[in-house]
Amino acid sequence: KDRIASIIGLGLCREMGPFMTALILTASVGSGIAAEIGTMKVSEEIDALEIMSIRPESFLVMPRLVAMAIATPVLTFVTDVVGVLGGCLVSATRLRIAPEQYLKHVVESLSQDLTYGGLPKDLYTGLAKALVFGVIIAVIGSSAGLRASGGAIGVGRATRSAVIQSFVLIIVVGYYLTSLFYT
């Protein structure tokens, strides 16, 4: 029973928080980026931007990239907090672990490896992974949208392709980032 809080805290902050947040954002935001930019591409709005000497990369892609790079770590932190509190609720009701004891074990497990200004390593590595995942989602969604062609069917293909590519790349990059941070 004593290890439940540590497992939940470490598992959420290291892996599951960034991973689950990235998958949800890929399915919702990444697909939306691909569909929106893809629709602009097939309706020749992007060509109109280029005619006006506006680079689509700086006008369409960069704001989305910056927003995802900021939002993904913030949402990951929220995911971590909600997950830990949810674990506290389940532990209190099902396992009869006092909430104070549960939260104390979570804080202790995260505080075992403090680095970089007193931040728990497990927390900042999870947030760093989330930042990378956000960039991946924005770049893949935008590039799939910019490559869309063939009307509505092409936009659908680009959107599906962006989601699949993002899922796979998040899994692969997550593995390598974890091995980089913890070896």
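Where does S53 sit? S53 is in the loop between helix 2 and helix 3, with helices (H or I, at least four residues) taken as DSSP runs and numbered from the N terminus.

## Ground rules

This is a predicted model, where local features need pLDDT of at least 70, side-chain atom pairs count only at pLDDT 80 or more, and totals for chains, interfaces and linings use all residues. Residues are numbered from 1 along each chain as its sequence is written, and side-chain values use heavy atoms, leaving out hydrogens and water.

Most residues other than glycine have a negative phi. S53 is not a glycine, yet its phi is positive, at about 65 degrees. S53 counts as exposed because its relative accessibility is 66%; exposed means over 50% relative accessible area, buried under 20%, and partly exposed in between (1.4 Å probe, protein chains only).

R96 is another such case: its phi is positive and near 60 degrees. It comes just after helix 3, in the loop between helix 3 and helix 4 (99-110). R96 has a relative accessible area of 68%, so it is exposed.

## Helix 3, end to end

Helix 3 covers residues 56-94, which makes 39 residues. Take 1.5 Å times one less than the number of residues, and the helix should span 57 Å; its end C-alpha atoms are 53 Å apart, which agrees.

There's a bend along the way, about 35 degrees at M62, and the proline P63 follows within four residues. The bend is the angle between axes fitted to the seven residues ending at a residue and the seven starting there.

## Helix 3 against helix 5

Helix 3 and helix 5 pack at about 145 degrees with axes 8 Å apart. Axes here are lines fitted to C-alpha atoms over the stretch in contact, and angles run from 0 to 180 degrees between N-to-C directions.

On the helix 3 side, the residues that meet helix 5 include L65, M68, T72 and F77. The helix 5 side includes L127, G134, I137 and L146. Contact means heavy atoms within 4.5 Å.

## The nonpolar cores

The largest nonpolar core has 21 residues, and L60, M68, I137 and I170 touch the most other members. Such a core is a set of buried Ala, Val, Leu, Ile, Met, Phe, Trp, Tyr and Cys residues joined through side-chain atoms within 4.5 Å. Helix 1 (2-42), helix 2 (45-51), helix 3, helix 5 (121-146) and helix 6 (151-181) each supply at least two residues of this core. Another core, of ten residues, lies apart from it, with A5, L12, V84 and Y102 among them.
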